[in-house]
Amino acid sequence: MKTMVFKKWREFFSGGTLHESEGSVFLRQRIQFSQIQTLIRAFYAAMVLHASFQLPEWESYLGRGKADPLWPVSWLSSVDQRSGILFILVLWLSGAVMAVVFTEKRWARGWAFLGFFFFAAFNNSFGKIGHSLHHWVLISFLLIFLPSCTQGRMGRQRVIQLFIAIQFLIGLTYTMAGIGKIGGIFLHLFNGEMSPLHPYAMSYIVAERLLQTNTDSLFGAWFVSHPYPTWIFLLGAFYLQFASLWFVARPVWHRAWAVGVALFHIFSYFTFTIIFPQSVFVLLLFFGASPFTPDRFKVREMIRSIPFIPRNLL
Amino acid sequence: MRTYRKIWGCMIVGLIAYLIAGILTFDIQKKKSNEKFPIFSWFLFADVPQKHHVRYTIKIYRADNVDLPQPLMFSEAALYSNPKSVSANKLIQDMGRAIEFHDDQWLQQAREVFEQNQIIRVQRYELIKLTYDPVERYQTGKMESDSIRFFEKGKE
């Protein structure tokens with residue numbers, strides 16, 4: 001009786017009836033496929049929202065001074081810059097709208113990619129390449145390759161495969177960030193310098209970043225004056241980033257990992273004043289709502305599959 | 001089955017290619033970035049600033065065609081620019097490094113973009129090299145500065 005009540009409660013809070021379909025592989029494939037279709041459309045809807053939020057900035061984009069154009073918009077130097085920028089902005093907004101309306105059409109997804117790619121390249125053509133738009137560029141590029149025919153098991157499976165590839169690409173970028181930090185340790189140690197393994201490392205990184213941008217942040221002063229607890233955060237971020245690919249390979253971790261990395265981004269803003277809102281969105285969309293995550297929160301399975309920690313220790 | 005494998009194969013090759021291409025864009029000598037948008041190493045904050053950290057900034061002497069009564073450091077020049085701008089700071093570092101590496105073309109490129117987008121109202125400024133311990137400077141403001149070069153907009 002007790003078990004029954006507990007089961008009912010668990011079902012109520014997990015809100016899922018989906019687990020009933022776990023027995024059927026093909027039904028599960030159908031459900032995952034339909035979830036993926038919704039997520040992809042939501043991605044393009046967010047692109048429209050992003051483009052719409054930029055409408056008040058159009059005048060400032062059009063009035064920008066001399067650009068040092070990146071290769072995708074190198075043609076800007078040979079046309080009237082103002083007209084070229086207007087073309088990019090219109091292409092971006094219209095492409096995003098088209099991709100929401102005609103998500104299943106490759107030409108619409110191609111249009112959305114091209115518009116966003118040009119916009120991101122133009123926006124980074126003024127001396128500094130920022131990286132907050134990179135995830136969206138890469139994802140919208142991969143989405144062009146969604147199969148045109150999604151009928152039947154084979155078609156659905158190809159959509160699922162492409163979605164998994166996008167998840168792995170996102171994970172790869174975070175793992176690369178981790179590789180860079182681990183490489184940095186060796187490089188600094190080799191040069192006899194203070195490396196991230198030094199307890200004062202994070203304080204130095206935070207202080208330099210805030211000096212660099214002449215800003216102050218919510219936690220900045222505390223981070224600079226409390227090196228030891230701060231350093232623990234740095235090591236935690238190293239692990240979270242480096243292990244990303246491994247977390248992506250464990251669907252049971254998708255939601256928790258996405259929330260963890262999103263919190264890392266939010267925390268980075270309050271510390272470094274660096275903001276990656278587009279990446280936070282992508283993480284929560286593609287992993288927070290991952291169609292591969294088990295319907296129930298399986299804590300024991302999660303603990304057993306923490307990357308790089310031997311199972312016999314858990 | 002064959003098609004599945006083919007697709008997985010393409011994906012794995014693509015991911016490895018992105019990894020390799022990304023790592024190749026990293027400039028280990030800390031000179032000029034090799035980044036080819038949208039390929040990137042993602043090596044963000046891999047570098048720990050050291051106790052004798054070097055950074056460049058500018059001091060503004062003339063703006064709106066008037067000599068300023070007191071030269072203004074870039075960090076205090078909110079009236080004439082955006083001292084919080086990451087791009088402005090990157091361009092100033094590029095100018096400093098271009099002079100350090102005797103790369104005139106790089107200097108010219110960075111200067112043009114900087115002058116035409118970041119300090120539109122400024123006519124005369126000085127590039128300065130700062131040496132400091134980041135934590136000490138953050139807490140006390142202590143630093144050493146050396147003049148590198150004066151620039152006048154529109155002149156060599």
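Visitor: What makes residues of chain A and chain B count as being in contact, and how many are there on each side?
Guide: In this predicted model, 48 residues of chain A are in contact with 44 residues of chain B. They count because their C-beta atoms, placed from the backbone, lie within 7 Å.

Visitor: Which element of chain A gives the largest share of the side that touches chain B?
Guide: Helix 7 of chain A does, with 15 residues. Helix 6 (134-143) and helix 8 (201-212) of chain A also give two or more residues each. By class, this side of chain A has 22 nonpolar, 18 polar and 8 charged residues.

Visitor: Why are strand 3 and strand 4 of chain B called a pair?
Guide: Pairing needs at least two bridges, and 8 bridges join these strands, so they qualify. They run antiparallel, and one of the bridges links Ile128(B) with Ser147(B).

Visitor: Which residues touch the most other members of the largest nonpolar core?
Guide: Among them are Met47(A), Trp92(A), Ala96(A) and Met95(B), in a core of 108 residues. Helix 5 (residues 106-123) of chain A gives the most to this core, with 11 residues. Leaving aside neighbours within four places in sequence, the contacts of Ala96(A) include Met47(A), Ala112(A) and Gly115(A).

Key:
Residues numbered from 1 in each chain as written. Chains lettered and ligands numbered in written order. Predicted model: local features only at pLDDT ≥ 70, side-chain atom pairs only at ≥ 80, totals over all residues. Helix = DSSP H or I, 4+ residues; strand = E, 2+ residues; numbered from the N terminus. Core = buried A, V, L, I, M, F, W, Y, C linked by C-beta atoms within 7 Å. Buried ≥ 20, exposed ≤ 12 C-beta atoms within 10 Å, placed from the backbone. Contact = placed C-beta atoms within 7 Å. Nonpolar A, V, L, I, M, F, W, Y, C, P; charged D, E, K, R; others polar.
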